[in-house]
Amino acid sequence: MKRKSKTVLWVTALCAALTACGGNGSGGNGQKDSGAETGQTTSAAATEAQTQGQGAGAAQDGKDSIRIAWWGNQDRHNMTIEVLDQYTQETGIPFSYEYTSWNSYFENLATQAVGSNLPDIIQMSTTDIINYSRNGQVIDLQPYIDDGTIDTSYIDKGSLDGGKVDGKQTGFITGVNTVAVAYNKEIFDEAKVEYPSDDWTWSEYLDTAKAVYDATGIQAEIPFLNEPRWVIEAMIRSYGYDFFSEDGNSLPWAEDEKVVSALTGMIKDVYDGVKEGYLVDPEVQVAWSTPEDFYISKGKSSMSYTLSNAYASYSSLLGKELGMVMIPKLDGGSQTGMYLNSNMYWCISANCKDPGAAAGVLNYLINDEAANQVLGADRGISLSSKIREALSSSADMNVYSKNTMDYVGKVSQVVGATNPADPVNSAEAISTLKTNYTTVMYGEMTPEDCVADFIAQAGAILPR
C-alpha cells in the first residue's frame with residue numbers, strides 16, 4: 001500500500017506541474033515555455049484577440065493581412081502584438097493574429113492543416129516542426145536568405161542549421177537557451193564553500209552539495225526532477241555522444257557500456273543524495289511548477305539545475321543576484337556536456353499567398369533592434385550577435401537579464417551547434433525517462449532498471 005500511495009502521489013503532482021508549465025518549448029514559467037491561458041490585455045486590438053481568439057491590425061492601401069499564429073502567456077501576446085503593430089505602421093502591411101494557450105494551439109493548427117488553411121506565419125515547437133516539414137506544410141526559407149529578404153549576417157551557422165529539417169531551412173529558431181546550475185552565493189559564503197566553476201565534474205558537484213549541507217543544513221535541489229533529459233543529455237554529451245542519432249531512430253550511446261554504466265551511476269548518486277538528505281525530498285520538489293515554487297527563488301536551496309532563461313526570474317524573486325555555472329561533466333567524460341537548445345521556431349506555411357512578404361516579417365522579428373527591445377528574451381536569447389550586443393548594452397536591461405545573455409554567449413563559445421529539432425516520436429520516449437527517473441527517486445526502481453528500460457522503450461518507439 002505504501003508503494004502504491006507514493007506512486008499515485010508523485011504522478012498526480014507531476015501531471016499538475018506539467019499542466020501548469022505548458023508546452024514542450026524550453027523556457028518561461030518554471031522550466032518550460034509558458035502555455036498560460038490568455039488574460040486581459042492593454043490594447044483594443046489585444047482585447048479583441050482575447051475575446052475572439054484572433055485580432056487584426058488596420059489594413060492600409062488595400063494590402064492583404066498576414067496571418068500569424070503563436071502560443072504563449074499574456075505577456076507574450078502583448079509584446080508580440082506591440083511589435084506587429086509597429087511593423088504595420090512602418091510598412092502598411094496589416095496582420096491578423098491568432099494566439100492561444102499551448103493546450104489548444106496544435107489542435108487548431110491540425111484542423112487548419114486539414115483544410116489547407118494554415119496561418120501564413122506559424123510559431124512552431126521543436127517536436128512538431130519535423131512533421132509539418134515532411135508533410136509539405138511549411139516551406140523552405142533558403143530562397144529568402146539567398147535573395148537578401150532575411151539577413152543572416154549576424155547568425156552563426158550552427159544556430160542557422162538548428163532550423164533545418166532534411167537539409168531544408170524550414171524554420172528560424174526564435175532564440176536559444178541552455179542548461180545551467182544556479183547557486184546562492186550567500187549560502188556558499190555562510191558555508192565557507194568555494195563557488196563552483198564552469199569546468200567542474202559530477203563528483204565535485206556532489207561534494208559541493210554535501211559540504212554546503214553539512215555546514216548549513218541547506219539542501220540542493222534534485223537535478224531536473226521534472227525534466228531529467230536535460231541533465232542526462234549533458235552527461236552523455238560529456239562522453240562525446242549526441243542524445244539522439246542523426247536520423248532520430250536510435251540512441252547512439254546506448255551500446256557503449258562505459259556510458260551506460262556512468263549514467264546509471266549518476267542516477268544512483270542522485271538517489272543516494274535524496275536518502276542522505278542533502279538533496280530535496282522528491283515528494284516536495286515534484287509539485288513545483290512555477291519559478292515561485294522553486295527553493296532557489298526563496299533562499300531555501302544552495303543549488304538548482306535550471307534553464308538559463310529561468311535564472312532572471314529566480315534572481316528577481318530572491319531579490320539577489322544568483323551565481324550561474326555550466327553543468328558539470330561526468331568524471332570519465334572527455335569534453336563539456338553543454339549544449340544550446342532551440343526554444344521554438346518561426347515558419348512560413350505552404351498556404352501563404354505572399355511568402356516574400358511573410359519572410360520580410362521574419363527578418364523584422366529576427367533583426368530589428370527596436371522590436372527585440374520589446375520582445376527581449378521571451379522566446380529565448382536572440383540568434384543575432386548584433387541584437388544580443390544591443391540588448392546587453394541597453395540601459396533598460398537589468399543585471400539578471402544581462403547575466404543570462406552573457407552566460408548563453410559564453411556557452412555558445414564552447415559548443416559546436418544548436419540542437420536540431422527532436423525526432424518525431426521523441427516525446428513518448430522522453431516521457432518514459434521522466435517516469436523512470438522520478439520512480440528511482442522514490443526508491444521504487446533501481447537506477448539499472450531505469451536506464452535499461454528507457455533504452456529498450458526508446459529503441460521500440462523512435463523508429464516507428
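Modeller: A term is needed at the outset: a residue is called buried when its relative accessible area is under 20%. The model shown is predicted.

Biologist: On which faces of strand E2 do its buried residues lie, on one or on both?

Modeller: Strand E2 spans residues 66-71, and six of its six residues are buried. In a regular strand the side chains alternate between the two faces of the sheet. One side of E2 carries Ile 66, Ile 68 and Trp 70, the other Arg 67, Ala 69 and Trp 71, and all of these are buried. The cover therefore lies, by the under 20% criterion, on both faces.

Biologist: Which residue of E3 is the bridge partner of Ile 68?

Modeller: E2 and strand E3 (residues 95-100) run parallel and are joined by six bridges. Helix H3 (residues 74-91) forms a right-handed β-α-β unit together with E2 and E3. Within this pairing, the partner of Ile 68 in E3 is Tyr 97.

Biologist: And which residue of E4 stands opposite Ile 68?

Modeller: Strand E4 (residues 121-124) also pairs with E2, in the parallel sense and over two bridges. The residue of E4 opposite Ile 68 is Ile 121.

Biologist: In E12, what is the bridge partner of Gln 123?

Modeller: E4 is joined to E12 by four bridges, and the two strands run antiparallel. Strand E12 (residues 345-348) is covered on both faces, with Tyr 345 and Cys 347 buried on one side and Trp 346 and Ile 348 buried on the other. The partner of Gln 123 in E12 is Trp 346.

Biologist: Which residue of E12 is the bridge partner of Ile 173?

Modeller: Strand E7 (residues 172-173) pairs with E12 in the antiparallel sense, over two bridges. In that pairing, the E12 partner of Ile 173 is Tyr 345.

Biologist: Turning to strand E8, which residue of E9 stands opposite Val 181?

Modeller: E8 covers residues 176-183, and eight of its eight residues are buried. Its pairing with E9 is antiparallel and has five bridges.

Biologist: Is Ser 302 buried or exposed?

Modeller: Ser 302 belongs to the loop between helix H12 (282-285) and strand E9 (303-307). Beyond its neighbours within four places in sequence, its contacts include Ala 182, Tyr 183, Val 212, Gln 219 and Ile 296. Because its relative accessibility is 0%, Ser 302 is buried.

Biologist: What separates the C-alpha atoms of Trp 230 and Tyr 305?

Modeller: Trp 230 lies in helix H10 (residues 229-237). With a relative accessible area of 5%, Trp 230 is buried. Trp 230 and Tyr 305 are 75 residues apart along the chain, and the separation of their C-alpha atoms is 9.1 Å.

Biologist: Which residues have the most contacts inside the largest nonpolar core?

Modeller: In soluble globular proteins, nonpolar side chains tend to be buried together. The largest nonpolar core here has 141 residues. Leaving aside neighbours within four places in sequence, Ile 232 is in contact with Phe 243, Leu 263, Met 266, Ile 267, Leu 433 and Tyr 437. The residues with the most contacts inside the core are Ile 232 and Met 266.

Biologist: What percentage of the residues in the protein is buried?

Modeller: The protein has 19 helices and 12 strands. Among contacts between residues at least 6 apart in sequence, 75% join residues at least 24 apart. Of the 464 residues in the protein, the buried share is 57%.

Biologist: Over which residues is the pLDDT below 50?

Modeller: The mean pLDDT of the protein is 85, and 86% of its residues reach 70 or more. One stretch below 50 has 82 contacts in the model beyond near neighbours in sequence, and comprises residues 1-32. Another, with 47 such contacts, comprises residues 34-53.

Conventions: Residues numbered from 1 in each chain as written. Predicted model: local features only at pLDDT ≥ 70, side-chain atom pairs only at ≥ 80, totals over all residues. Heavy atoms only, no water. Buried < 20%, exposed > 50% of the residue type's maximum accessible area, 1.4 Å probe, protein only. Contact = heavy atoms within 4.5 Å. Core = buried A, V, L, I, M, F, W, Y, C linked by side-chain atoms within 4.5 Å. Pairing = 2+ DSSP bridges. Right-handed = clockwise from strand over helix to strand, strands pointing away. pLDDT = per-residue confidence, 0-100.
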